[in-house]
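Visitor: Please show me the structure first. Then I will ask my questions.

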Amino acid sequence: MPLLPTPDTSHVDYDQIYEPSEDSYLLLDTLSSDSEISFLKERFPTQNAVPIVLEVGTGSGVVLSFLTTNSSTIFGHDSVLTLGIDVSTPANKATNETISRNKPRGHYLDSLTANLVSPLRDGTVDMLVFNPPYVPTSELPILPGEEDAEGGRKLDLLELTYAGGPDGMLTTDRLLDSLEKVLSKDRGVAYILLCAQNKPEAVAERLRSGRYGEEGIRWQVEKVGSSGKKGGWEVLGIWRIWR
Amino acid sequence: MKILTTNYISCAVKACKSTSLSFPLHFQDAVLVQEEVDFKPEFITNILPRIEWEALKITAVELGFTTLPAQKPEATEEAPLDPQVLKDLHTLLLETQVTEGKLVCANCKHVYNIHQGIANFLLPNHLALPLIMITNF
């Protein structure tokens, strides 16, 4: 496994933006593992149309920056376009800065303020990466702009980075429902982080049997990275999902 | 926000996705800046298959770029792409950024603001819900 540098995020304000943690580092390790490098190189060879790589929920931008800076190792070439989405505009500003200070080799387009993949056109994304708000909570926090409609509930950007509703799956389920539309038909692939409390084997089974989205696509699903103590309450896994 | 990005997005309102009017979104009051990016002709060539040309032409004209070819340039074995065409595309797609302005959907007329180069696609609650939930209220 190549040892690639972790992007510098020392400029980021962790009072309102998620600080790179065990889950972020598991994504970096998994996306630069021998098995994933070989999968991605074969899927996105240099002579073909540029792949569009989207990270949803970029936070500090550490994962998207890692992919943009190390594109020649991970994809075998620098001919990639990277794009970020976060509901938090401060996170998007932080991502812009993280990428520009970590010597990007692939081409970074933009970070957009949006709710999951809502502004993207169908079939656009070739590789999607999502470190969701996966911690089980009784309900979801409000989004920026919803303060008045929700009777003055206070916006908490940090809570938005982790609170996932029942099973920690409310937001992830919505993203998984949208994969059939947003991923490109011929070569789309997604990397999703799940924790043990998300009941990941059941999620994988729902994906394999076509129970996400409207088209009933039977996805191929494989666990390609994991960390955490088995006795501890947070055991993390990275799941690769592809057609 | 880079011009190439606008070729990959449409209106965030779910009901607009199925209409051709929701793409491309239309610029209003756009403030442009140019930022130099290394020119790699082969990279632009690899981007071309990922571009909806008709939509790009509309966006380009709205921003005052009127030199795009009528048809998407395609390289053949006898005739590789004109380096000047690739350079012009490089300037438009990757070096031109919208720092302030609006993107408007021609279907629902919703306005998305761009501020400090970051476009905001968050919707007010009544637009973010699926239609069926609104009619059930």
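**Salt bridges and the interface**

Guide: A salt bridge of 3.0 Å, N to O, joins the side chains of A:Arg240 and A:Glu36. A salt bridge here is a side-chain nitrogen of Lys or Arg within 4 Å of a carboxyl oxygen of Asp or Glu. The model is predicted: local features need pLDDT of at least 70, side-chain atom pairs count only at pLDDT 80 or more, and totals for chains, interfaces and linings use all residues. Residues are numbered from 1 along each chain as its sequence is written, chains are lettered from A and ligands numbered from 1 in the order written, and side-chain values use heavy atoms, leaving out hydrogens and water.

Visitor: How many residues apart in sequence are the parts that A:Arg240 and A:Glu36 tie together?

Guide: Helices (H or I, at least four residues) and strands (E, at least two) are DSSP runs, numbered from the N terminus. A:Arg240 lies in strand E7 (residues 236-242) of chain A, and A:Glu36 in helix H2 (residues 34-43) of chain A. The pair therefore ties together parts whose separation in sequence is 204 residues.

Visitor: Is A:Glu36 buried or exposed?

Guide: Buried means under 20% relative accessible area, exposed over 50%, and partly exposed in between (1.4 Å probe, protein chains only). A:Glu36 has 0% relative accessibility, so A:Glu36 counts as buried.

Visitor: Which side chain meets A:Arg240 in a salt bridge of 3.9 Å?

Guide: The partner lies in strand E6 (residues 220-227) of chain A. A:Arg240 is buried, at 6%. The partner is A:Glu222.

Visitor: Which residue forms a salt bridge with A:Asp8?

Guide: The closest N and O atoms of this pair are 3.1 Å apart. A:Asp8 lies in the segment before helix H1 (22-31) of chain A, and its partner in the loop between helix H5 (89-100) and strand E3 (107-113), so the pair ties together parts that are 93 residues apart in sequence.

Visitor: Which residues are linked with A:Asp8 in a network of salt bridges?

Guide: A:Asp8 itself is partly exposed, at 31% relative accessibility. The network links A:Asp8 with A:Glu97 and A:Arg101.

Visitor: How many residues of H1(A) are buried?

Guide: The buried residues include A:Asp23, A:Ser24 and A:Leu26. H1(A) has ten residues and is mostly covered. The buried count is seven.

Visitor: What area do chain B and chain A bury between them?

Guide: Buried area is the accessible area (1.4 Å probe) that two parts lose on being put together, summed over both. Here 57% of it is on carbon and sulfur atoms. The area is about 2,600 Å².

Visitor: Which three residues supply 26% of the area that chain B buries against chain A?

Guide: Contact means heavy atoms within 4.5 Å. The contact takes 39 residues from chain A and 29 from chain B. The three that supply more than any other three are B:Arg50, B:Ile118 and B:Leu122.

Visitor: Which residue of chain A forms a salt bridge with B:Arg50?

Guide: The rule finds two salt bridges across the interface of chain B and chain A. In the one with B:Arg50, the closest N and O atoms are 2.5 Å apart. The residue is A:Asp126.
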